[in-house]
Amino acid sequence: MTLAWRHLPRTLRETSSPRIRKKCPSLSVGAFWTSITKLHTKPRMPPCDFTPERYQSLTYDRVLEIHKQHLSPVLTSYFSEPLLLHQGHMEWLFDYEGNRYLDFFSGIVTVGVGHCHPKVNAVAQKQLGRLWHTSSLFFHPSIHEYAEKLSALLPEPLKVIFFVNSGSEANDLAMLMARAHSGNTDIISFRGAYHGCSPYTLGLSNLVSFKTKLPTGIGCQSTMCPDVFRGPWGGSHCRDSPVQTIRKCSCAPDCCQAKDQYIEQFKDTLNTSVAKSIAGFFAEPIQGVNGFVQYPKGFLKEAFALVREQGGVCIADEVQTGFGRLGSHFWGFQTHGVLPDIVSMAKGIANGFPMAAVVTTPEIAKSLAKSLSYFSTFGGNPMACAIGSAVLEVIKEENLQENSQEVGTHMLLKLANLRDEFEIVGDVRGKGLMIGIEMVKDKMSRQPLPREEVNQIHEDCKRMGLLIGRGGIFSQTFRIAPPMCITKPEVDFAVEVFRSALIQHMERKAK
């Protein structure tokens, strides 16, 4: 897939981004490799044409001290020695020592078009010199220009946009909309779902690390996640993916018994755990924090119909799946053949700049307006909207949705080969550039690989220059979601690094 900016004349590219470009420094891992019992050939990192600026800020030890003294004590950083990053360029990240890493997690599925993309940078710098902030009390053209572009990408009647600042805030507002419009309280979400960390959305987030003894999210009810790998039902035709589970079934390709079983569980929730009339149902088109879990084909379509029968509205949480990442469609809900009543979005909407939105119908928007005068000081500010517009333009101009489809399928098939090669790789799943690799003790039991062993594999990938994410109830799944500008040679490198890390793990186990 051709990425337009890579093939601009050098003079024009240097005008867009004045930094000097030449071959990047590679990660120095010689000592690591020579310490391994067997001799391995280190995967060769693909070249890039960018040199980072010299790091001249706080020492690493001082950063650790300040973090311990003044920042949240909640442990969120990856790796035994947290990575101190300094600069980014497209799919590459550089640490304070100048080491280069291939970013296959995009700041938690956020940097969609690449770190510091030249066009997005230029637009941000221009807007920075013109107007930062007005609040919604005054009009500015950026918000109207962006609203027109974004609404054009959504089907009727999803045409009314509320701008906010984060995914949690967007889902918080979506909950309020659902209750205001329906006049009901109960909202259903999947077990394993993550919809935010605000006091309101914590009720929808069904992972143990987001559950607390404190009162949060009243009126929220969980239902079984239709996980065709780890759940009670699943087979070899269930998913909308080039790669299916290793579980066998007798279903025809267009008929899924697992889907029917999970729908019965959903009906049971509706019949026993909520009021006869409900406010709504939240679903991520592919579960994010839970390890990029996919549902059986046709499940969401039936579930949406059941929710509407009980007076509820259907909310698609596109915080991680939206903006072309899944390849075949621009929005994740489109891959399920459904039309939600409310769509929340964030992360990739502005490539890492704080921005989010909730899009809904005119009727639901009016219901909210009758209930309260909703207001966001920073939502839809000139900076965010200018950057958001630039992101949409880059996605279109550089064919990044198509690139996600082509390169993502290439990666899925390569990773499926690793699943067939290694007993501890239980499942490979996903669409486009949203891919999960679930690690297990063995394929028969599907018991999660112990966290300590997954940590070692994760560390080994980092030492070889590859950054990937984690997810799942037991942190047993590697999450892969690179910037959408990624290329096939870079995917080949990443897969070879992951294979090398698996080999090293098996050698440790054999000792």
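Student: If buried means under 20% relative accessible area, exposed over 50% and partly exposed in between (1.4 Å probe, protein chains only), which class does Y96 get?

Tutor: Y96 has 25% relative accessibility, so Y96 counts as partly exposed. Before we go on, this is a predicted model, where local features need pLDDT of at least 70, side-chain atom pairs count only at pLDDT 80 or more, and totals for chains, interfaces and linings use all residues. Residues are numbered from 1 along each chain as its sequence is written, and side-chain values use heavy atoms, with hydrogens and water left out.

Student: Got it. How many aromatic pairs are there?

Tutor: The count comes to 18 aromatic pairs. The rule takes Phe, Tyr and Trp (six-membered ring) with centres within 6.5 Å; planes under 30 degrees apart are stacked, over 60 edge-to-face, the rest tilted.

Student: Nice. Why is the Y55 and Y96 pair classed as edge-to-face?

Tutor: The ring planes of Y55 and Y96 meet at 70° and the centres are 5.9 Å apart, so the pair is edge-to-face.

Student: OK, what about F190 with Y295: what geometry do they have?

Tutor: That pair is tilted, with 4.9 Å from centre to centre and 50° between the planes of F190 and Y295. This pair also joins distant parts of the chain, 105 residues apart. F190 belongs to strand β5 (residues 187–190), and Y295 to the loop between β7 (280–283) and α9 (299–309).

Student: Buried or exposed, that F190?

Tutor: F190 counts as buried, because its relative accessibility is 1%. Y295 comes out at 3%, so Y295 counts as buried too.

Student: Switching topic: which charge lies over the face of W92?

Tutor: That's R100, at 4.3 Å from the ring centre of W92. The test wants NZ of Lys or CZ of Arg within 6 Å of the ring centre and within 35 degrees of the ring normal.

Student: And what lies over the face of F79?

Tutor: K462 does, at 5.0 Å from the ring centre of F79.

Notes
Helices (H or I, at least four residues) and strands (E, at least two) are DSSP runs, numbered from the N terminus.
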